[in-house]
Amino acid sequence: EGLLDALVRTGARYMLQVAIEEEVTEFLGRDHYQRGERIRQGYRNGYEPKRLVTGQGVIEVGIPQVRNTDEPFHSELLAAITNRSETLKGLIRRMYIRGLSQQDVADTFAEAFDERVMSKSTVSRVARAIQEEFDAWRKRDLSKDPVLYLFLDAIYLPARQGESRKDAVLCAYGITESGSKVLLHMDMGEKESYAAWQGFVYNLVDRGVASPVLVASDGSPGLKKAIREVYPRAFRQRCKVHKMRNVLAKAPKSAQKILKGEISKIFAAQDKKEALRLTETLVDRYRDQYSSAIACLKEDLEECLAHLALPPAHHKATGTTNLIERLFEEGRRRTKVVGRFPNEGSCLRLLFATLLAASKSWRGVRMTPAMLKELRELRIMLYGRDAGKPVPAPVGFAC
């Protein structure tokens, strides 16, 4: 199955879980830990896992357990799903196509179930909870687990009805001092311009991403300029996957397999000295035969090898922006099928609901005390006394 199919299922699980929680809130007449006037006696007491088997795979949700009530709690939403095999499949499909505004949530459930299975107040709370969580996520403090490695990339999606163009959605993830991979931020950006990336990166700075050791990106001119301005002392890593594509595009098809194998050895070198030795050999061998490809390889080669200054155990995870790129690739395929999002808000909310959930399953990198000590010393070497301090934005600049 496609990766995005799994992501959309994850988003549907998130949407269902929020809806079930709101059913319990309406049943008891109060939120978690809320005291005071009650509609009925009883209290929440943990969760019981439930697997919903659908034509598009298994979705797992947690069923809230309610104790000491006059009547048992039953989720009308789950009952409707259990009684109809095609219901959840339709819900998943509609969830992707529609946005997640209040009206969209109501319409999505109504279309999937052909009847009202939740009250208007519950639908309202589901939509509000999704929006509030998204808003809080985009403003949260990012300084508690300092980001060592920052990765920036963008995807173009049809985010607005009535317009033929696609809009850039800017995304960032990081690897922190604990070794965790964390989705950090996403926002719309006008054509990946310098101004769009500048505002995006200063937003990260304001929230605590102050002095990363390395920043990885593709070769977008606006993004590179913003990185040089905001993080001038960090190692700048040119994504090896993007670079490889650029080099091979300038070589004849008959030579691409050979060049890819040789360049892969350079990028997989254990240290910079070995990488430069392999590069020199490759250049001497092919500079006349494939001059355009070799010239492209030599351009910003230093940035392609920046990750080799890091602990060897981190080389594979820091040389590319490929983690987010893999999600984007499936996203591009799916959006060709579903057409345009109703608006940019629905586009961002859906990406949040799916990508954030997917990022929780990302595997981190090994971070031993010795590695962390080395990286903290490297950060001090790069930033000196300013290590950990935010980079001041230009006077009058607002994110």
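Let me start with one residue. Ile294 is buried, at a relative accessible area of 5%. Buried here means under 20% relative accessible area, exposed means over 50%, and partly exposed lies in between, using a 1.4 Å probe and protein chains only. Ile294 sits in helix H11.

Now some ground rules. This is a predicted model, with residues numbered from 1 along each chain as its sequence is written. Local features need pLDDT of at least 70, side-chain atom pairs count only at pLDDT 80 or more, totals for chains, interfaces and linings use all residues, and side-chain values use heavy atoms, with hydrogens and water left out.

The overview next. The chain has 16 helices and 7 strands. Those are DSSP runs numbered from the N terminus: H or I with at least four residues for helices, E with at least two for strands. Of the 399 residues, 50% count as buried. Take the contacts between residues at least 6 apart in sequence: 70% of them join residues at least 24 apart. Contact means heavy atoms within 4.5 Å.

Back to Ile294. What does Ile294 touch, not counting residues up to four places away in sequence? Leu282, Val283, Tyr286 and Arg287. Leu259 is 35 residues away along the chain, and its C-alpha atom is separated from that of Ile294 by 9.5 Å.

That brings us to helix pairs. Two packed helices are described by the angle between their axes and the distance between the axes. Axes are lines fitted to C-alpha atoms, for helices over the stretch in contact, and angles run from 0 to 180 degrees between N-to-C directions.

First pair: H10 and H11. Helix H10 covers residues 272–286. H10 packs on H11 at about 160°, with the axes 10 Å apart. The two are therefore roughly antiparallel. The cut-offs: under 35 degrees is roughly parallel, over 145 roughly antiparallel, 65 to 115 roughly perpendicular, and the rest oblique. This crossing is left-handed. Left-handed means the near helix is turned anticlockwise from the far one by less than a right angle; clockwise is right-handed. Leu282, Val283 and Tyr286 of H10 make the contact with Ser291, Ile294, Leu297 and Lys298 of H11. By class, that is 5 nonpolar, 1 polar and 1 charged. Nonpolar covers Ala, Val, Leu, Ile, Met, Phe, Trp, Tyr, Cys and Pro; charged covers Asp, Glu, Lys and Arg; the others, Gly among them, are polar.

H8 spans residues 240–248, and H11 spans 291–298. Their angle is about 155°, and their axes are 8 Å apart. So H8 and H11 are roughly antiparallel too. H8 passes H11 in a right-handed crossing. Lys243, Asn246 and Val247 of H8 meet Ala293, Cys296 and Leu297 of H11. The residues of this contact split into 4 nonpolar, 1 polar and 1 charged.

H9 runs over residues 253–267. The angle is about 150°, and the axes are 11 Å apart. H8 passes H9 in a right-handed crossing. From H8 come Lys240, Lys243, Met244, Val247 and Leu248; from H9 come Gln256, Leu259, Lys260, Ile263, Ser264 and Phe267. That contact has 6 nonpolar, 2 polar and 3 charged residues.

Look at Lys243 in H8. Is Lys243 buried or exposed? Buried, with a relative accessible area of 2%. Leaving aside neighbours within four places in sequence, Lys243 contacts Arg238, Phe267, Cys296, Leu297, Glu299, Asp300 and Cys304. Asp300 lies in the loop between H11 and helix H12, residues 301–304. Asp300 is not a glycine, yet its phi is positive, about 50°.

Last stop: helix H6, residues 194–206. H6 has 13 residues and reaches 18 Å from first C-alpha to last, close to the 18 Å expected at 1.5 Å a residue. That expected span is 1.5 Å times one less than the number of residues. Of the 13 residues, 10 are buried, so H6 is largely enclosed by the rest of the structure. Among the buried ones are Trp197, Phe200, Asn203 and Leu204. Gly208 follows H6, with a positive phi near 120°.

His185 lies in S5, residues 181–189. His185 is buried, at 3% relative accessibility. Its contacts beyond four places in sequence include Phe200, Asn203 and Leu204. The C-alpha atoms of His185 and Leu204 are separated by 7.6 Å.
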